[in-house]
Each structure stands twice: as C-alpha cells, then as structure tokens.
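Biologist: I am new to this structure. Could you walk me through it?

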Amino acid sequence: MSADSITLGEVEITRVVELHGPVSTARSIVPGVDPALWQENRSWLAPDFWRPEDDAYLAAVQTWVLRSQGRTILVDTGVGNDRDRPQIPQFAHLRTTFLDRLAEAGVRPEDVDVVVNTHVHYDHVGWNTRLQDGAWVPTFPNAAYLIPRADNLYFDPQGPGRGRPPRDENERRRWQGSELVFNDSVAPVHRAGQAVLWEDTYRVDRDLVLRAAPGHTPGSSVLHLASGTDRAVFVGDIVHSPVQILRPDCNSCFCDDPARAAATRRRVLGQAADTNALVVPAHFPGHGAAEVRRAGGDFALSGWAPLPRT
C-alpha cells in the first residue's frame with residue numbers, strides 16, 4: 001500500500017483529485033437546508049465544506065482508484081479537458097493535470113481494467129474520453145466502462161428519454177448541456193465497443209457490487225464494498241454536502257426526481273449506519289469519507305475516515 005492510499009479488507013483505495021474549490025453558494029446547491037443549520041455546525045463545516053463569509057459551497061471533483069482482485073478500477077472520471085460546457089463555464093475548456101496525478105498514483109491509462117460511472121453527469125464521465133487528433137476516444141483503452149442503462153437511455157439525445165418535451169426552460173437547458181456530455185464522453189465509448197450497460201445490480205468482483213440508487217438521475221448508482229469485516233459505499237452524488245446527512249430529505253439542486261432522491265438517500269444512509277459502512281461521496285473535500293449513525297428519524301456524523309489525496 002502506498003502512502004497515499006488506505007486499504008479496506010483486500011481493496012486498496014486511492015483518491016485522485018482533479019479540481020477543488022468553491023462551486024456556487026451553499027444555499028443554491030442544497031436549497032432546502034435551513035441556513036441556521038450551517039451556522040449551528042460551523043465549527044466542522046468550515047473550512048473544508050463551507051466558507052461562511054460568502055456562503056461558498058466547497059467541493060472536490062475526484063476519482064477513486066480501487067485495486068481489487070488484481071484489477072484497477074476507477075470510480076467516476078471527473079470533468080475532463082477540452083470540453084465545451086456552456087452551462088457550467090468554470091468547467092469549460094479545462095487543461096488540468098489529472099492524468100499526471102493518476103500517474104503519480106501508479107496508474108497509466110492502459111492499466112485501467114474497469115471504469116465505473118455512478119451516473120451520467122458532466123463531472124462524473126469527463127475523463128471517459130480524451131481529444132486525439134480532433135476526435136474523442138476512450139482515455140482508458142483496455143477498460144470496460146460500466147454505465148447505468150437507465151442513465152444511458154435518459155441522456156442519449158437519440159434515446160427514449162427525449163421522447164417528450166422538456167418540462168420547463170431549466171430542463172431544456174439541462175438537456176442541451178447533457179447532449180454535449182453524452183456526445184463527447186459517452187457515445188465514443190459505445191463506438192469503441194467498451195460500454196457495458198447494466199441495471200438493478202452488477203457484481204464487479206467478489207468484494208464490489210453496483211446497485212441502482214435512482215433519484216439524483218434515473219440511473220444513479222452506489223458501489224458497495226464488502227471485504228473482510230470492512231464496509232464502504234461510494235455514493236456518487238446521493239450526498240453533495242454533509243448537511244444532507246443531518247437532513248436527508250434535503251436534495252441538491254441537481255436532483256432529477258426530488259422525492260425519489262430523498263428516499264434513496266435515506267435508504268442508503270440507513271444501510272450504511274446499520275452495517276458500519278463508510279460513506280464516500282463523490283465531492284467531499286477534506287477527509288473524504290464519513291461515518292454515520294442513526295439519530296432519531298435522521299442521521300448524524302459519528303466520525304471521519306481520512307482518505308489521502310493525490
């Protein structure tokens with residue numbers, strides 16, 4: 001195990017950060033949270049998750065590298081370079097050193113065996129591909145890309161998910177943005193024959209299982225790790241901020257189906273609390289993983305599991 005990794009059971013985990021910093025305001029990212037809750041928990045929300053002076057929501061865009069059963073597995077692939085992202089200008093036309101950081105973690109693109117996209121949003125599928133001679137090609141040429149079938153259908157601009165008109169102007173803009181994302185980060189994987197669509201449950205190996213967790217998107221999923229006595233759940237965007245652990249009925253502004261997203265969040269957090277599983281969200285900076293417990297009808301933080309970052 002390297003100095004920048006931890007091991008749960010027989011699975012080695014390394015965090016590779018693409019971006020880190022403020023993303024809009026806390027009240028806009030998790031709009032249903034009472035502002036007083038942030039202030040009541042200021043002592044630990046700041047400085048990692050929240051900047052009180054301007055209400056900035058702080059987040060990381062990162063990839064989890066899992067080494068399991070002799071294979072290298074990436075969980076989510078960030079924003080990516082060279083993307084046209086008019087709906088999120090701060091993520092447009094990036095030139096980050098993500099692949100260099102991945103190399104520092106001991107991973108070359110050709111070493112990757114499996115890519116897990118927990119869902120098809122721009123900041124989870126970007127490094128699926130890279131620009132080569134003016135064309136988008138898979139970044140990881142030897143990998144199987146595990147993509148939730150429900151999200152693939154929903155976000156494919158030619159698929160049945162676009163068989164109705166958008167509900168409102170906001171959804172219309174989201175659909176326009178998702179078409180760009182699908183075309184540059186998902187469709188090339190299909191053309192290369194590397195996409196594996198799955199639904200309900202998909203076993204990655206003896207210690208890792210993907211399970212559907214819809215609501216944030218139709219195909220949102222959670223990767224469950226159970227190895228020896230250790231447990232963890234890589235929950236993607238089911239939890240954007242630690243305040244959602246305290247108030248699980250509060251959704252992020254990005255959740256497609258609010259009622260279903262809240263129900264899924266409660267279910268996943270409840271399972272984590274009951275099995276002592278670490279909760280590993282996609283965007284937590286700082287420690288990276290939370291230990292949760294039941295607290296009446298909601299949940300509370302019982303501790304943090306520091307996950308090193310590369």
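Modeller: The following covers the pockets, a hairpin and some backbone angles.

Modeller: This is a predicted model, in which local features need pLDDT of at least 70, side-chain atom pairs count only at pLDDT 80 or more, and totals for chains, interfaces and linings use all residues. Residues are numbered from 1 along each chain as its sequence is written, and side-chain values use heavy atoms, with hydrogens and water left out.

Biologist: How much space lies in the largest pocket?

Modeller: About 750 Å³, where a volume is the space filled by probe spheres set on grid points joined across faces, edges and corners. A pocket is an open set of points on a 1 Å grid over the protein atoms alone, where a 1.4 Å probe fits, with protein on both sides within 12 Å along at least five of seven lines; lining residues have an atom within 4 Å of a point.

Biologist: Which residues are closest to its centre?

Modeller: Of the 33 lining residues, those are Gln87, Ile88, Tyr122, Arg174 and Phe254.

Biologist: And which element gives the largest share of that lining?

Modeller: Helix 7 does, with 8 residues. Helices (H or I, at least four residues) and strands (E, at least two) are DSSP runs, numbered from the N terminus.

Biologist: Changing topic, how do strand 7 and strand 8 run?

Modeller: Strand 7 (residues 129-132) and strand 8 (residues 135-138) run antiparallel, joined by 4 bridges; strands pair if DSSP finds at least two bridges between them. They form a hairpin with 2 residues between them, and Asp133 in the turn has a positive phi of about 50°. Gln132 has Ala135 in strand 8 as its bridge partner.

Biologist: Where else is phi positive in a residue other than glycine?

Modeller: Asp76 has a phi near 70° and sits in the loop between strand 5 (71-75) and helix 4 (98-104). His93, with a phi near 55°, is in the loop between strand 5 and helix 4. Most residues other than glycine have a negative phi, and most peptide bonds are trans.

Biologist: Is Asp76 buried or exposed?

Modeller: Asp76 is buried, at a relative accessible area of 3%, whereas His93 counts as exposed at 52%. Buried means under 20% relative accessible area, exposed over 50%, and partly exposed in between, with a 1.4 Å probe and protein chains only.

Biologist: Which residues does a cis peptide bond join?

Modeller: Ala46 and Pro47, with omega about 5°. Pro47 lies in the loop between helix 3 (42-45) and strand 3 (50-51).
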